[in-house]
Structures are given as C-alpha cells and as structure tokens.
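Here is a short report to read alongside the coordinates.

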Amino acid sequence: MPEGNEIHRWAERHAAAFAGKAVRVDGPQGRFTDSDMLDGRKLLRVMAVGKHLGYDFGRDRILHVHLGLQGDFKEGTGPLPPVRGALRLRMWNAARVKLPAVDGTSPRHRWYSEDDGKATLPAEKVAWVELRGPMDCTVYTNAQWEKLLERLGPDPLNGDKPDRAFAKIAKSKKPVAALLMEQDVFAGVGNIYRAELLFRARQNPFTPGREVAPAVLKQMWKEMRPLMQAGMVDRRIVTTLPKDRPHPRGPVLSEETHYVYRRHGQPCRICGRDIKKMENFAGRNLYWCPHCQADTTENV
Ligand SMILES: [Zn+2]
C-alpha cells in the first residue's frame with residue numbers, strides 16, 4: 001500500500017500538472033459516475049493528508065481518492081491512450097493532449113524498494129493521468145473532507161504537531177507496532193515506515209504504547225518527516241544510514257534500502273542475527289530484529 005510519502009508526491013505532481021486550470025475528467029468505463037460534477041471545472045488545489053488525496057474543484061466539490069492496496073496512477077504526455085484495464089478515472093489537460101508525446105515515461109511502480117524513480121516524467125509535462133484500482137474515488141463535500149481530517153492523526157508531511165498522537169499512545173495497551181498502523185494515531189505511516197522507524201529507534205514492536213519511552217516516540221516522530229520526504233522524491237523508501245550499508249558510498253543498492261522490512265531470514269545489519277517476520281500483525285506483515293529490538297520491559 002502506498003504510504004504518505006507517495007500520496008504527498010502525487011498531490012504535488014498533480015497540482016503542478018493541473019491546478020489553476022480547467023481540467024477534463026471522465027470515468028470511461030462507468031466506474032466513476034460523478035465525473036460530470038467535475039469535468040471542465042478549474043482544479044483549485046490538490047491536498048494530501050495521510051493516505052488520502054483531495055482534489056478541490058471548488059463549489060463544495062472535492063474529489064477524494066484513497067489508493068488502498070491496489071490503487072495506482074499512471075501519467076503520460078501526448079494523446080490519451082486507449083481505454084484499457086480496470087480504468088476508474090481519467091483527468092487531462094485538453095490543450096496538452098493535442099500535443100505529441102515527449103520523451104520520458106512514468107511507469108507503474110514495482111516494489112518501492114526497487115523503484116529508483118529515474119524514469120519519472122517532469123510534472124509540468126504531464127498531459128493526463130489514469131487511476132486504476134483505488135479503494136475510494138468519490139466526490140466529497142467540504143464537510144465530508146473536514147470530517148475525514150478530524151479522524152486522522154497528525155501527518156508528519158503536513159507540519160502537524162505530534163501531541164495528539166503521543167497522548168493516544170501513552171494511554172494505550174495496544175502494541176506500539178499496531179498503533180503505528182492506525183491512521184488516527186499518525187496519518188500516512190504504513191508498513192514499511194512502521195517496521196523501519198521501530199528498528200531505527202531499537203524499539204520492541206510488541207511493547208504496549210503506554211510503556212514506550214517518551215524519548216523513543218520523539219525520536220520516531222523526528223525521523224518520520226525527513227524519511228518520508230526523502231521517499232517523495234522518487235517513490236523509493238530508503239531508511240538505512242550510509243554507515244550501516246555494505247556500500248556506504250555511492251548509490252543505494254535495492255538490497256540496502258531497509259533494515260528489516262522484507263528482510264526476514266537475512267542477517268541484521270547491526271547484530272548479524274536473523275530478522276524475523278510475523279504474518280498479519282495489525283493487518284500487515286511485521287519485520288523486526290529480536291536482538292536489537294529486544295523487549296526490555298519484561299522477560300518474554
Ligand atoms: Zn539486530
């Protein structure tokens with residue numbers, strides 16, 4: 001599932017490509033029937049909070065997109081491509097789709113750790129975007145958007161203050177690894193950042209929220225923004241420090257991007273012991289090093 005870094009990246013790119021102009025919108029396969037409410041209107045801005053996108057068309061009309069597990073955008077230049085696959089929505093600039101396609105592509109991603117973003121098209125050249133497989137793509141009123149914001153926790157990429165999240169964690173008996181996945185605690189953190197933030201803080205994932213040291217919460221919050229911002233550049237999430245990589249200099253190889261995420265059975269970069277995996281912990285697989293992230297609160 002795309003994490004906050006990618007959602008904010010789409011918001012920036014789509015704002016650069018379309019905001020301030022009239023935008024054409026359709027749902028060519030009848031899967032988005034509200035396109036008439038937006039088609040031909042000026043897109044005022046594109047907002048991102050947590051894993052939610054809001055395309056503000058004014059007049060109480062905000063296109064809400066949540067990509068979920070399967071959703072993704074495809075972007076391109078030149079004429080609109082033929083309608084293919086499970087296409088939910090298209091958005092395009094009427095003048096730009098009359099121009100010939102230019103060099104550069106914006107391919108669909110593979111695993112985030114493998115995508116180095118080098119083939120990315122400059123946002124201002126984008127003529128159209130296609131949306132496939134989202135969990136939600138509906139037109140919200142301003143009140144509905146506000147209601148969504150109310151139930152989301154602070155988003156590190158929006159310059160929010162962490163206090164509400166810290167207070168929730170400090171009161172909770174739930175394991176900290178479960179709390180990190182809850183969007184009303186921190187908005188935008190997903191499975192990769194959860195595993196990697198906990199490792200970088202050497203925090204045991206199973207410690208109840210209320211037993212996590214405040215200094216650890218502060219450290220994780222402090223690291224969220226820069227790590228997620230770095231992941232906005234090219235969709236690639238790199239959480240390792242240069243000194244902990246086999247090749248500390250030069251480009252980060254795909255196998256060097258993470259400490260624990262999807263590294264189960266491989267040696268920990270710090271202690272050399274096996275990284276563990278637990279299936280479906282708060283909805284997604286959890287990865288951690290039982291030695292570096294030992295439970296120091298009790299002997300289990
Ligand atoms: Zn270790």
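## Lysine 21

Lysine 21 sits in the loop between helix 1 and strand 1 (24-26); helices (H or I, at least four residues) and strands (E, at least two) are DSSP runs, numbered from the N terminus. Lysine 21 is partly exposed, with a relative accessible area of 30%. On this scale, buried means under 20% relative accessible area, exposed over 50%, and partly exposed in between (1.4 Å probe, protein chains only).

Which residues does lysine 21 touch, not counting residues up to four places away in sequence? They are Ala16, Arg41, Lys42, Leu43, Asn93 and Arg96, where contact means heavy atoms within 4.5 Å. Lysine 42 is 21 residues from lysine 21 in sequence, yet their C-alpha atoms are 5.0 Å apart in space.

## About the model

This is a predicted model, in which local features need pLDDT of at least 70 and side-chain atom pairs count only at pLDDT 80 or more, while totals for chains, interfaces and linings use all residues. Residues are numbered from 1 along each chain as its sequence is written, and side-chain values use heavy atoms, with hydrogens and water left out.

## Two positive phi values

Arginine 59 lies in the loop between strand 3 (52-56) and strand 4 (62-66), and its phi is near 50°, a positive value in a residue other than glycine. Aspartate 60 is found in the loop between strand 3 and strand 4 and has a positive phi of about 65°, although it is not a glycine.

Arginine 59 is exposed, with a relative accessible area of 68%, whereas aspartate 60 is partly exposed at 39%.

## The zinc site

Cys268, Cys271, Cys289 and Cys292 each give an SG atom to the zinc ion, at 2.2 to 2.4 Å. Donors are N, O and S atoms within 2.8 Å of the metal (3.2 Å for Na, K and Ca); water is not among the atoms, so sites may look incomplete. The angles among the four donor atoms are 99 to 115°, and the site is tetrahedral, a label given to four donors if all angles lie between 85 and 135 degrees.

In sequence, the donor residues follow the spacing C-x2-C-x17-C-x2-C. Cysteine 268, in the loop between helix 6 (214-234) and strand 9 (276-281), and cysteine 289, in the segment after strand 10 (284-288), link distant parts of the chain, 21 residues apart.

## Arginine 202

Arginine 202 belongs to the loop between helix 5 (191-200) and helix 6, and is partly exposed, with a relative accessible area of 33%. Leaving aside neighbours within four places in sequence, arginine 202 is in contact with Ile270, Cys292 and Gln293. Cys292 is also one of the protein donors of the zinc ion.

## Packing around helix 6

The axes of helix 1 (residues 4-18) and helix 6 come within 8 Å and cross at roughly 50°. Axes are lines fitted to C-alpha atoms, for helices over the stretch in contact, and angles run from 0 to 180 degrees between N-to-C directions. The residues in contact include Gly4 and His8 of helix 1 and Met228 and Gly231 of helix 6.

Helix 5 and helix 6 pack at about 130°, with their axes 10 Å apart. Among the residues making that contact are Tyr193 and Leu197 of helix 5, and Met228 and Gly231 of helix 6.

Technical notes: Tetrahedral: all angles 85-135°; square planar, octahedral: opposite > 155°, others 65-115°.
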